[in-house]
Amino acid sequence: MPKSSPTSNPLSLAYLKSGKDYAISFTDNEKTGCINLVARYLSGEAQYIEWSKIQTPTDEVVVPYDSLAPTPEDPVETKKLLDKLVVLKLNGGLGTTMGCTGPKSVIEVRNGLTFLDLIVIQIETLNSKYGSNVPLLLMNSFNTHDDTQKIVEKYANSNIEIHTFNQSQYPRLVVEDLMPLPSKGNTSKDGWYPPGHGDVFPSLKNSGKLDTLLSQGKEYVFVANSDNLGAVVDLKILNHLVRNKNEYCMEVTPKTLADVKGGTLISYEGKAQWQIKHETQLSVAKVLFSLRSLPQLPEASPLMARSRYGLGGGIEYLSGCSSAWEALLADSIAMHYGVRFAVHGDINSFCCSKGHDTSFRGPSNRLFICDYLLEPALLEIAQVPDEHVNEFKSIEKFKIFNTNNLWVNLSAIKRLVEADALKMEIIPNPKEVDGIKVLQLETAAGAAIKFFDNAIGINVPRSRFLPVKATSDLLLVQSDLYTLNDGFVVRNPARANPANPSIELGPEFKKVANFLSRFKSIPSILELDSLKVTGDVWFGAGIVLKGKVVIAAKPGVKLEIPDGVVIENKGINGPEDL
């Protein structure tokens, strides 16, 4: 059962289908996507999965980064690899939480360079070094589109192609009756929202960009948040995916106590799969019925083959068999076990309607065994039953989390979007607009992993996850803990502790402008373990912080930390403590 059971309201769907009173353009594709999402939500579709079916993924599902083969030494081969790639940055967020206007990607990060500047420099460096043509795509929201269009003009002379497209915009739903907010008279932008980054796949297709990229010979897209400074092109990962024909890869990294709410990659007991083995490989107990128990068989013998075909992974199918064989096979299994197998399309794919551990003997002394497939899946905290939330947050059981760095095969995206097969879990996100409680129905791109063929996770170094969500993160990347090289933010090897220091700044530092004004220069934090600052605190130049430091100004008192002071393992409440 979902954590909250929505009340069905057919008027909501009827209104959405009518498209009445929409002051903002609502395309046919957006209308269809929105209606499908709302209909799934109104049906009471479960928002979480069965806890007992969760297992820890093996190294086959989550590949250790250190086990990846080295990249080709030949620059020509590296160019061939890069020419298969396109980089896509999620650029729909605003910088309002950090006190900035416009897209978050234009916040200055270091040396006067913005997130977007660094991304462009990184790709320029790759293209110049290898003579490749890696384009950059920016997925904007209606909140960031106009500003981004103006901003990218400054890169007109760069050696990379930059393309933009908008993700969908859906009307917010009023909690009281689940009617679209625009139907209540609010036809401004506040009545609309971008439906999460899971929308990247249909929006890429609907924009026409997907078909254009495929026509150019592009094969993979690297998707990442624009504010993750660690999300750079990794040739080892790209090489692994191309060699192993993985349609989807999620980068995960070891979880810390700071990441307890982040989604984690699991193995989940899902669809049934067929395997084929010879009799000698199986115990007699596995032989549940033999060929003699079946009615007279047609002459055409089926051959076992392997396909995924976007059915969620690992589905085995029978090829080369007649329709009579298909019907006989399905009827016989249903008769003996009450399990009905259906044929999918022209690939003769059998999909189990309810899980059993079954087997039967087929022609040529072969055994067909049906058992559960463990498929990779993203587990988000919103899907977790209340009684298991603490277990989910544990770093003992769930040791990795999703960085939202994703690598996806473009042809697979096209196949699955056209088949309307991407039914990611719905994340209800409550908001309030002008005193009205509303609901946003969203999906996450990471949740799409279970729909792709040969999908994997790769357990990457923590350095590939360096998001800037607040000014405390900005302090880290502007300090001597990092350096800047060709657009890449590189961690200082002089830092002995592999973990970054924990930094907590008070509300006086929340906005970027206030943060910058309170530091003459960013302190040295190479040997810092943790820093907590509260109150009206101002920092001089050349300050060094070491160990555990707490600085708390007394209420109504301005506390100035003088130039050049060294503070180590100390609490500061006033000048007398310095």
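Start by selecting Asn454, which at 25% relative accessibility counts as partly exposed (buried is under 20% relative accessible area, exposed over 50%, partly exposed in between, with a 1.4 Å probe and protein chains only). This is a predicted model, where local features need pLDDT of at least 70, side-chain atom pairs count only at pLDDT 80 or more, and totals for chains, interfaces and linings use all residues. Residues are numbered from 1 along each chain as its sequence is written, and side-chain values use heavy atoms, with hydrogens and water left out.

Asn454 sits in the loop between strand 22 and strand 23 (456–459); helices (H or I, at least four residues) and strands (E, at least two) are DSSP runs, numbered from the N terminus. Check its backbone: Asn454 isn't a glycine, yet its phi is positive, about 55°. Most residues other than glycine have a negative phi.

Now jump to Lys245, in the loop between helix 8 (235–244) and strand 12 (248–254). With 63% relative accessibility, Lys245 counts as exposed.

Last stop: select Gly33, Asn36, Tyr170, Pro202 and Asp420, which lie nearest the centre of the second largest pocket, out of 24 lining residues. (A pocket is an open set of points on a 1 Å grid over the protein atoms alone where a 1.4 Å probe fits, with protein on both sides within 12 Å along at least five of seven lines; lining residues have an atom within 4 Å of a point.) Colour helix 2 too, since it gives the most to this lining, with 7 residues.
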